[in-house]
Amino acid sequence: MSRGRPLSYDPLRVLLVEDDDGDALLVEDFLAGALPRAEITRSRTVEGALGELPAGIDCVLLDLNLPDAGGLEAVVRVRERAPEMALIVLTGLDDEEAGVAAVEAGAQDYLVKGEVDGARLGRSVRYAIVRRQADAAHQQLRLAEVQSREVARLERGLAPPPLVEDSSVWVASRYRAGRRQALLGGDFYDVVETPAGALRVLVGDVCGHDADAAAIGVSLRTTWRALAMAGADTDLALLTLERVLGHERQVPEMFATACVVEVDAARGAARVIVAGHPRPLLIDGAAARPLFDGHPGLPVGLANGGWVGERAPLPADWTMLLYSDGLIEGRVGAGPERLGEDALRRMLEDYVAAEPRWRERPERLLEWLIARVEELNDGALSDDVALLLVGASRG
């Protein structure tokens, strides 16, 4: 059966699997009368029928008493070959229990050969096709619901709510899965306030676009949160992420990029560590500039430590944007040019200039950025995008 094919499509194709006797000829005549435009294919054995399936067949009429298979064996063999096919079984007058058992085994209906007529046969064929289509649609819906729940659970692992008690700090975030996969990839982020009141911000990206990358991303993110909540040193935390990645990755070449920002609110400064990741941008008034000017270290999994942090002053009303590289790797139009950091910085400045009260709804800035980048890219981005906008006021 072609999934979703409307019944108005002509002609329907029916496969009659029945031994060569008077009942078989009668059923074939009934079919021809009830469905005059149907294409009826005849097979006298299950083995012959299997050679016809699925081949565009809409419905199978299957006798339960055949030379090479009887009873539920015939049903099972047809179902194994064509699990989405509408199936009606034909039983004798004294064998209705077999028909009921066949329905329980996956047939849509059963008919008693001695009691069937053309009208009933035609109705049964059409109803069986409709029921099978409805079953397939319901199964697809259930699979979509299960997948949606899995995606939501995975997203909570990659992009959890921030753990911040300081009322002067606000956080806005967006996560957009790329078009190349149904599930999320390996981008992740987190914001945690340490026991001493310091703010730690993380954005990372595991190379790859599959469930393995996502699982590694969740492991790294949860490890980092646990260490940050315990007040562990950031350098030690990054080194621990590298060790975790070394144990968890399936291939030696797998790595992750990361950017960590430690905010010292009392001193109005931040320490930034970049491990092969795009630099965070600081929004200072109407200007946007990189918060990190040094040389990025190697990605997590390739560096064996050795990252160097850089201190940067923060204005009284500071806001920083951390993001994964999927945001700036989109192409501009159909050409080879990538968007890049400079274009992103100019976008931020344009938005801030046009929306002077943007801090009241910072999530709109993130939504606008994604929409604008996709517009320049002439379509959805191929890579995942993680965006984290964090700000506070010391005024």
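This is a predicted model: local features need pLDDT of at least 70, side-chain atom pairs count only at pLDDT 80 or more; totals for chains, interfaces and linings use all residues.
User: Why is Asp 63 called buried?

Analyst: Buried means under 20% relative accessible area, exposed means over 50%, and partly exposed lies in between (1.4 Å probe, protein chains only). Asp 63 has a relative accessible area of 3%, so Asp 63 is buried.

User: How do you know that Asp 63 and Lys 113 form a salt bridge?

Analyst: A salt bridge requires a side-chain nitrogen of Lys or Arg within 4 Å of a carboxyl oxygen of Asp or Glu. For Asp 63 and Lys 113 the N to O distance is 3.0 Å, and the side chains therefore meet in a salt bridge. The pair links distant parts of the chain, 50 residues apart: Asp 63 is in strand S3 (residues 59-63), and Lys 113 is in the loop between S7 and H5. Helices (H or I, at least four residues) and strands (E, at least two) are DSSP runs, numbered from the N terminus.

User: Which class does Lys 113 fall into, buried or exposed?

Analyst: The relative accessibility of Lys 113 is 14%, so Lys 113 counts as buried.

User: What makes Arg 176 and Glu 374 a link between separate parts of the sequence?

Analyst: Their closest N and O atoms are 2.8 Å apart, in a salt bridge. Arg 176 lies in strand S8 (residues 169-176) and Glu 374 in helix H9 (residues 362-376), so the pair ties together parts that are 198 residues apart in sequence. Arg 176 is partly exposed at 36% relative accessible area, whereas Glu 374 counts as buried at 19%.

User: Why is Asp 235 called partly exposed?

Analyst: The relative accessible area of Asp 235 is 26%, so Asp 235 is partly exposed. Asp 235 lies in helix H7 (residues 234-248). Leaving aside neighbours within four places in sequence, Asp 235 is in contact (heavy atoms within 4.5 Å) with Arg 271, Ile 273 and Trp 307.

User: Which class does Glu 97 fall into, buried or exposed?

Analyst: Glu 97 has a relative accessible area of 72%, so Glu 97 is exposed. The place of Glu 97 is in helix H4 (residues 96-104).

Technical notes: Residues are numbered from 1 along each chain as its sequence is written. Side-chain values use heavy atoms; hydrogens and water are left out.
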